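This report describes one protein model for a reader who has not seen it before. It takes up a pair of helices, then a pocket, then a salt bridge.

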Amino acid sequence: MLQYLNRLSQGRGAWLLMALTALILELVALYFQHVMLLLPCVMCIYERCALFGILGAGLVGAIAPATWLRYGAILIWLYSAWEGLRLSWQHTMIQLHPSPFTTCDFAARFPSWLPLDKWLPGVFVATGDCAERSWTFLNMGMPQWLVGVFAVFLLIGVVVLLAQFFQTRRRDLFSAR
């Protein structure tokens with residue numbers, strides 16, 4: 001199985017599938033924000049940035065998957081999934097155990113060289129409250145679902161990283177099985 005995952009990671013299809021999955025999740029978040037009129041909080045914006053990191057990792061991996069660039073994409077993938085899991089867990093704890101002493105910021109803090117909230121305010125400006133549970137599905141809020149999403153991304157990323165240490169075997173049509 002690890003050899004199979006190694007072979008998959010050396011092709012564009014798996015990387016593009018990962019990028020497409022992250023893009024669909026981003027589009028769902030924008031649907032919630034602009035169509036259902038749910039206000040994103042600062043933690044939501046940071047979790048959205050982590051998803052953009054996974055999307056970026058998929059695109060970087062798809063550029064040249066059979067080269068060293070694949071390893072950089074895996075590192076971006078793992079870092080983004082880890083940060084997304086950490087942020088969504090923290091957001092879940094804020095919602096499940098509200099406290100006046102544990103709150104999130106009023107505005108997202110981006111570096112001065114990357115002011116995403118100024119460049120794309122419709123995507124990166126936070127207007128909601130982190131402790132408010134404005135949407136649930138199967139009795140779980142959005143950050144709880146994101147814990148699962150990022151955990152799956154992280155688990156698959158770790159397995160793909162481990163698979164890089166297993167050489168792929170060539171398949172010959174006429175070899176004895």
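In this predicted model, helix α2 (residues 12-34) packs with helix α7 (residues 142-163) at an angle of about 170°, and their axes lie 13 Å apart. Angles over 145 degrees count as roughly antiparallel, so α2 is roughly antiparallel to α7. On the α2 side, the residues that meet α7 are Met18, Thr21, Leu25 and Phe32. Their partners in α7 are Met142, Val149 and Phe153. By class, this contact has 6 nonpolar residues, 1 polar residue and no charged residues.

The largest pocket has a volume of about 530 Å³. It is lined by 28 residues, and those closest to its centre are Phe32, Cys44, Met142, Pro143 and Leu146. Helices α2, α3 (42-63), α4 (69-96) and α7 each supply at least two residues of the lining. Phe32 and Met142 also belong to the contact of α2 with α7.

| Class | Residues in the lining of the largest pocket |
|---|---|
| Nonpolar | 18 residues |
| Polar | 5 residues |

Side chains of opposite charge can pair when their charged atoms come close. The count for this model comes to 2 salt bridges. One of them joins Arg86 with Glu83, with the closest N and O atoms 2.7 Å apart. Arg86 and Glu83 are 3 residues apart in helix α4, which means that about one helical turn separates them.

Terms used: Residues are numbered from 1 along each chain as its sequence is written. This is a predicted model: local features need pLDDT of at least 70, side-chain atom pairs count only at pLDDT 80 or more; totals for chains, interfaces and linings use all residues. Side-chain values use heavy atoms; hydrogens and water are left out. Axes are lines fitted to C-alpha atoms, for helices over the stretch in contact, and angles run from 0 to 180 degrees between N-to-C directions. Helices (H or I, at least four residues) and strands (E, at least two) are DSSP runs, numbered from the N terminus. Angles under 35 degrees count as roughly parallel, over 145 as roughly antiparallel, 65 to 115 as roughly perpendicular and the rest as oblique. Contact means heavy atoms within 4.5 Å. Ala, Val, Leu, Ile, Met, Phe, Trp, Tyr, Cys and Pro count as nonpolar, Asp, Glu, Lys and Arg as charged, and the others, Gly among them, as polar. On a 1 Å grid over the protein atoms alone, a cavity is a set of points where a 1.4 Å probe fits but cannot get out, and a pocket is an open set with protein on both sides within 12 Å along at least five of seven lines; lining residues have an atom within 4 Å of a point. Grid points are joined across faces, edges and corners, and a volume is the space filled by probe spheres set on the points. A salt bridge is a side-chain nitrogen of Lys or Arg within 4 Å of a carboxyl oxygen of Asp or Glu.
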